[in-house]
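User: I am new to reading protein models. Can we go through one together, feature by feature?

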Amino acid sequence: MLKGRATADGTAEYAKRFPAMPGNFRPMLGVSVSSIGIGTYLGEPDEETDRAYEEALTAALTGGINLIDTAVNYRFQRSERTIGKVVAELVAAGKLKREEFIVATKGGYVTFDGGVPENPRAWFEDHFVKSGIVAPGDLMDGSHCMTPKYIGTMLDLSRANLGLDTIDLYYLHNPETQLEVVERKEFLRRISQIFDFLEGAVVAGKIGVYGVATWNGLRAQPTERGWLSLDELIRIARDVGGDSHHFRAIQLPHNLAMPEAVIRPNQLVGSRKITTLAAAKPLGLAVCASASLLQGQLSRGLPAIVSDAMSGLATDAQRSIQFVRSTPGVDVALVGMKSAEHVRDALATAAKPPATVEEFMRLFKGPDEP
Ligand SMILES: NC(=O)c1ccc[n+]([C@@H]2O[C@H](COP(=O)([O-])OP(=O)(O)OC[C@H]3O[C@@H](n4cnc5c(N)ncnc54)[C@H](OP(=O)(O)O)[C@@H]3O)[C@@H](O)[C@H]2O)c1
């Protein structure tokens, strides 16, 4: 297990190694983080994809990307294990220090072990129910579990897979899934239990900070069942962890086709209705944007208005990534990459300064507006 975690000094030293990327590194959670992070969600659970991710992760970490995003269930633990292998090798070879990079992972979904077993139901019974990790009734929507016992087991599994003593950022994965099944009051009780558990995990040195990684929850309207309120979540964090609680990050999809984070005023903070991005910073929350390319769909065929606004870039993929990393309030644009060639594309984007607010706003103006 690698000891330690990303530090202010370590990540600042890392940033200094890439002087040709002046606009790439930003302050986030007390460290310097690259404006693009490498995601590890997509791909088959097989060895060929493991090898591809090894190459892509190596290119990213040695090229100027120091945030990796994963989850215990991505490719049935294979993504975490591949990350663990790559960072251990780079550190052993003296090419990377533990203090220089940030790893974020997630727990909440049930996962198999490397691939789908012959009899998934029996496998689940044997591994989770008989061992008492999941009690009957704990499983929501057939795949999601949010009890301290389950999350604690997943956290230790992630630490082992990643070979990291401390995970820099630990997310509760798509907690809004539970709102489809339980009432809001019960949901908030469960969140409180988990936040309390995660505050303990910080004290135990297993994680640095924690957050929620979401799909619909932070883009939904308050009238929708699966809506997440940042105000409610922060109140719970303060209740269990005091003013210096460690609920410090959110993740939500944000891209040219899903811009709700920056245009939909769906958060109620005090008496004001503001967007999730506007709400996050004053509440002390870092923001990582997922699905920057809408799972690859925004890598081609963009209209001319985008190339006008996100100028100086060679490809539509780069323009889409530029949109996300330039969005005011977004700290990191997560891009799923299992191809080293795509990592090089992302690094070429990171070498450019982010778009200015004026350039960014061109996308939101009507054709006749000045
Ligand atoms: N609810 C959640 O917590 C949640 C949900 C979704 C995503 N995420 C996180 O966010 C990350 C990013 O989202 P995502 O992976 O779903 O989708 P994405 O980043 O929008 O798109 C990834 C896809 O785009 C392709 N791609 C990457 N760079 C490219 C380039 N320069 N040109 C052309 N194609 C390119 C990738 O191909 P290759 O793989 O072949 O390189 C991959 O197929 C995930 O990996 C995950 O870590 C979290």
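User: How many residues of strand β5 (residues 102–107) are buried?

Analyst: First, a caution: this is a predicted model. To judge burial, count neighbours: a residue is buried if 20 or more other C-beta atoms lie within 10 Å of its own. In β5, six of its six residues are buried, and the strand is mostly covered.

User: Which residues point which way from β5?

Analyst: Start with the general idea. In a regular strand the side chains alternate between the two faces of the sheet. Now the case here: I102, A104 and K106 point one way from β5. V103, T105 and G107 point the other way. Residues on both sides are buried.

User: Which way does strand β4 (residues 67–69) run beside β5, parallel or antiparallel?

Analyst: Look at the bridges between them. Three bridges join β4 to β5, and the two strands run parallel. For a landmark, find L67, which stands opposite I102 in β5.

User: Where does β12 pair, and what can I use as landmarks?

Analyst: Check both partners. β3 is joined to β12 by four bridges, running parallel. On that side, I38 stands opposite V335 in β12. β11 is joined to β12 by two bridges, also parallel. There, A289 stands opposite A333 in β12.

User: F323 lies in α11. Is it buried or exposed?

Analyst: Count the neighbours once more. F323 has 28 other C-beta atoms within 10 Å, so it is buried. Leaving aside neighbours within four places in sequence, F323 is in contact with L256 and M310.

User: How do I read two helices packed together, such as α11 and α12 (residues 340–350)?

Analyst: Read the angle, then the spacing, then the contacts. The angle is about 50 degrees, and the axes are 9 Å apart. The two helices are therefore oblique to each other. Their crossing is right-handed. A317, Q318, I321 and Q322 in α11 meet D345, A346, A348 and T349 in α12. By class, these residues are four nonpolar, three polar and one charged.

User: At what angle do helices α2 (residues 47–63) and α3 (residues 78–92) pack?

Analyst: The angle is about 45 degrees, with the axes 9 Å apart. That makes α2 oblique to α3. The crossing is right-handed. Residues of α2 in the contact include Y53 and L57, and those of α3 include I83 and V86. The contact has six nonpolar, three polar and four charged residues.

Definitions and conventions: Residues are numbered from 1 along each chain as its sequence is written. This is a predicted model: local features need pLDDT of at least 70, side-chain atom pairs count only at pLDDT 80 or more; totals for chains, interfaces and linings use all residues. Axes are lines fitted to C-alpha atoms, for helices over the stretch in contact, and angles run from 0 to 180 degrees between N-to-C directions. Angles under 35 degrees count as roughly parallel, over 145 as roughly antiparallel, 65 to 115 as roughly perpendicular and the rest as oblique. A crossing is left-handed if the near helix is turned anticlockwise from the far one by less than a right angle, and right-handed if clockwise. Two residues are in contact if their C-beta atoms, placed from the backbone, lie within 7 Å. Ala, Val, Leu, Ile, Met, Phe, Trp, Tyr, Cys and Pro count as nonpolar, Asp, Glu, Lys and Arg as charged, and the others, Gly among them, as polar. A residue is buried if 20 or more other C-beta atoms lie within 10 Å of its own, exposed if 12 or fewer, and partly exposed in between; C-beta atoms are placed from the backbone. Two strands pair if DSSP finds at least two bridges between them.
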